[in-house]
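Hi everyone, thanks for coming. Today I'd like to walk you through one protein, starting with the whole chain and then moving in to a few details. Please have a look at it first.

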Amino acid sequence: MSETPSTTFSMVHLTSSEGQVHSPRHSNITHPVVAKRISFYKSGDPQFGGVKVVVNPRSFKTFDALLDNLSRKVPLPFGVRNISTPRGRHSITRLEELEDGESYLCSHNRKVLPVDLDKARRRPRPWLSSRSISTHVHLSSATAVPNTAPGMLRAPRRLVVFRNGDPKTRRVVLLSWRVTQSFEAFLQYLTQVMQCPVAKLYATDGRKVPSLQAVILSSGAVVAAGREPFKPGNYNIQKYLLPARLPGISHRVHRKGKATLEKRKSGNWKISVITSDFPNAGTSSQVYIVLYGQCRSSLPIYLYGRDGARFQDGHEDIFTITVGDIGKPFKIRIGHTNSGCSPSWHCKGIELQNMNSGEKFYIPVQRWLAHEEEDGEICREFPILSKGQPVLPVTKYEVYITTGELWNAGTVANVYLSVYGGKGDTGSRKLSRSKNALMFLRGQIDTFFLEAVNLGNLCKIVIGHDGLGPGNGWFLEDVVIRDPTTNNEYAFFCHRWLDEGEDDGKVVREMYARDNTIFSARKKLELKIKETWDAESWKFMKGNTLQFYSKLTGGFVRLHPDGSVDAIGEQTDRYGLFDVIFNKGNLCIFQSHEMRHLSLALDNGSASGGALTELRVLYQPNRCALLESALYPGHTLVVDRHGKVADESSAGYAELSKEFLVFVKGVFLNSAVVILTTGLCQALCLQSNGTCTGAGHHSEQSYWRVHRVSSGICMFESVKNEQMYLRIKDGHCNGTGTGDTDCHFKIKRNLQNASISLESLKSPGLFVGLQPDGQAKPVIYTKDENVCFYPRVIQFGRENPMGMSATPSQGEDKIHLSKHQKETPLESKARHPSPLSSKKERGNSHSTELLVSEDKWKVLVLTGDTGTQANVTLWVYGDEGVTGPISLTKDNPEKLFLPRQKDEFQVVLSSIGEIYKIRIGHDGRSGQPEWSLQRVTMEHMKSKKTLNFIANVWLSQNQADGDIVCELPVMKEGKPLFPLVRYHVDVYTGQLKQAETESQVSLCLYGERGDSGLRLLHRSNKPVRFQRGQIDAFQIEAVSLGNLQKVLLHCEATDKSQYWYCEKVVVKDPGTALESIFTCERWIPFMSQGSMHSEIELYCQGED
């Protein structure tokens, strides 16, 4: 699409001077260019005849440019991403490695399947065959029009094809499905029709036609060229293609016998175009006009000059054109293609004269047609003044375009719009000036102004873009156009993709108006509710166990033994579980999981049997559900802010809620198969290149198998691509994990929208997030939807008590398991919850014991003058993970850690990489809690590698600095690998009433290099800690953590009167003078997910 008018008419190019047009002459090449002529074939497909490409520095400057070019010629699912030698043994990565005259294989991944090149080369060349092998279209002759080719579409479109620079040589072809299977096949077909090499196509105004989609969207004519550039000419196509009629304007189709009458009605027009006389008013661009009459409109008419010196400052250019019988003209459109070195143009006026009747019309323009002037438009419309005819006003329409909220819904392509009404159309206009700085972003409404002669009542629009190729599309929600002269609004509802790789593959859509925007809004709401039910209905399958959460009360719905109902239950409350025992559409019965004789009903808050227990689930667009009585429609479960069942009229609307979020129990059991949906119709999907996108479909490609590591910790393995795990590593989030600690995720449940977030266990504070284009990346947790996933169970894990699938089509949605998985006994899987080992590891003949023994270390602890009987614990940190806590104990603990004694222990460290620090301490709970620690030595039992940690610290709450835990860095060449840092921690207690606490408060710092461990904050600069409005200063010594990311606060309060209100925590690194602020502003403990939490994670708000 382009800024030139996109109507159903074909372009006419006529000028007043009709000089002879010379035929192009093919000159001999006198200076040959060194080039490589190479054949490329498709991996594993001997039926693909190959493509020949000439590779030289001018055609392909980079290797990626060659891959992109081949992706358009070789049909592969994900394009050409690998080129290899014919047997697939060596991959080509540089243009210099390609050899002249050789053949190569193309594939979309590293796996290459050999091809019998002799068999593939047996295809006859198109020059030697009467039909194209790639298109299989019969050609009766080179000049005949193929009107009766077999197998054509019912109404194939006609296309006029001109030879570049020679308008007299033209052919009319039919765009049937056989010749339009691919762009390359279409070019081969035109090569035979035109009897000359066709490598490129142009529109008649010189714009390049880059794809088959652009051919179909063209105005009815193209110029076929070889390797040479476009050559302007008078490409007259009016007598070859009959223009279609405009909406609302009658059009008579004449019989063949009346062709002379139509010709007699055709008129000649003299057009005078006056360019303003001030500097830089002229243009180098190609100017066109379109005339609109009472019968129909003309074709776009390009005003070409003989010498190229047209439309200069102060000049009047005169042209003679021939158009059909358009009737009495009422408007004119004038514009240009914005080409050349100085395309801006200021037009003074236009004069029209009908050379048959002598009637004259003058149109005062006095406007800029330039991107950088006025409103930036290069196309304008003006009414034509006629005696006895009303003058149509020029209207500036307000256009509101809403991009959908799907991931990757936005586009950076050029968007074009044509508006049609009872009085013509606007032509194709590029939408380039929005009120927003960036246009067509996901979920954004862009406002444009479109100036045109008033169209009357609007009836339809045609909207599209030039972002060709899968993944370069746009999800359009709707378009609303307001006519300021009548104040009417016309709504055009779309809610579809304009993407070659989505939906039906169209990038242009035609939509008809609804003059009632309220009706359009209602339709959008109904569609959103339907999509929400489709996404959430799996939860209500028979056998599932549910919980209903009220956002108003912050608690779960409970059914008590006496039949009463409230909504203040905790997540672990046994009375808050309900089993779905009946399901028919959205009609369900929810039986108490604890008391099988009771079911949830709406009978004054009591439960009973019979029809009262049948509840209809009504979903809202915000994923909340209403529970409506099937017996009494309109009667729903309503609770007040105290969690009591109430009548809707018993209190103010703000004090009541009838919306509940629905949670399913047992979603992340071991071996479950889930979809991590990112929206109502999208999901987190593993792509062929190993990256992950949130714009995937709800299909098997988006299935993930759950590997439960521990409570709340899981790994996610792609079902479609086994041994590929979701992971966060080195600042990237993808699906190339192997099942190590990079793939461990902590599941954080978000009660406010029934979603989950996945936090990396190895990199605390980093979550799986999505960018606007849907690509996954590690992000810091926020409450935004880019970190929210809505799990949908395809197959429950082994611990599911009902043993049923979560989807209705259990027999249809089969999960493909590998042979190894099918043959593994259930008991074996239960004993080894870790992910399946790689092929290399499965083929290893060493025993598990040997592998474990390679990770065994000997730990020697030397005690100073004072021993301890407390429980001693060790943590070991490596660059790939951490092991701990490790309890250092033996059968006779009373004989451990005696004064000046060396105690030896054996520990197993698995997959933590290079060790860089340890943490060691005791719990201070014995009769002798003080301890003098001199040194810790670690020796690898196989390699004999030794690590020495010099301590010389006193671990006592009563002496020294009061710490009972210390961190020790690895020494390298006599210096610590990372320095010890004494962090200054300021804890702010809030000003609220009873904000103080006497409870013990602990804190853990998290940074780029691990954490400090949970430290008790007991030695403050204040005599009494954590008083209202007080700032307590503490110090925590730890091996340097790098940039701080978050802190964890823990307050163990047994009584509500000892709850603590923390305002914020400020941490200072004295070595770098950096200050990190962690805002809290809440009570601890606090209620979340139906249970009390005594700890909270705070994330860094910035650095000063």
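So, let's begin with contacts. If we take the contacts in the protein with a separation of 6 or more, residues 24 or more positions apart account for 65% of them. Please keep in mind that what you see is a predicted model.

Now, what is it built from? The protein has 70 strands and 10 helices. There are 1104 residues, and buried ones make up 50% of them.

Next, let's talk about aromatic rings. A pair of them is described by two things: the distance of the centres and the angle of the planes. How many aromatic pairs does the count come to here? It comes to 31. Let me pick one of them, Tyr-288 with Tyr-302: this pair is tilted, with 5.6 Å centre to centre and 40 degrees between the planes. Tyr-288 lies in strand β12, residues 287-293, while Tyr-302 lies in strand β13, residues 301-302, so the pair ties together parts that are 14 residues apart in sequence.

Are these two tyrosines buried or exposed? The cut-off for buried is under 20% relative accessible area. Tyr-288 has 0% relative accessibility, so it counts as buried. Tyr-302 has 1%, so Tyr-302 counts as buried too.

Rings can also gather in groups. Trp-533, Phe-540, Phe-548, Phe-578, Phe-590 and Tyr-619 form one aromatic cluster. And some rings have a lysine over the face. Lys-890 lies over Phe-905 in this way, at 5.4 Å from the ring centre. Likewise, Lys-1046 lies over the face of Tyr-1006, at 4.7 Å from the ring centre.

Finally, let's look at a sheet. Four strands make an open sheet in the order β53-β50-β55-β56, and the pairing is antiparallel. Which strands stand at the edges? They are β53 (902-908) and β56 (946-955); each has a single partner strand, so one side of each is left without a neighbour in the sheet. From one strand to the next, the twist averages 20 degrees.

Let's zoom in on one pairing in that sheet. Strand β50, residues 856-863, pairs with strand β55, residues 931-940, in the antiparallel sense over 7 bridges.

Terms used:
Residues numbered from 1 in each chain as written. Predicted model: local features only at pLDDT ≥ 70, side-chain atom pairs only at ≥ 80, totals over all residues. Heavy atoms only, no water. Helix = DSSP H or I, 4+ residues; strand = E, 2+ residues; numbered from the N terminus. Buried < 20%, exposed > 50% of the residue type's maximum accessible area, 1.4 Å probe, protein only. Contact = heavy atoms within 4.5 Å. Phe/Tyr/Trp six-rings, centres within 6.5 Å; stacked < 30°, edge-to-face > 60°. Lys NZ or Arg CZ within 6 Å of the ring centre and 35° of its normal. Pairing = 2+ DSSP bridges. Axes fitted to C-alpha atoms, helices over the stretch in contact; angles between N-to-C directions.
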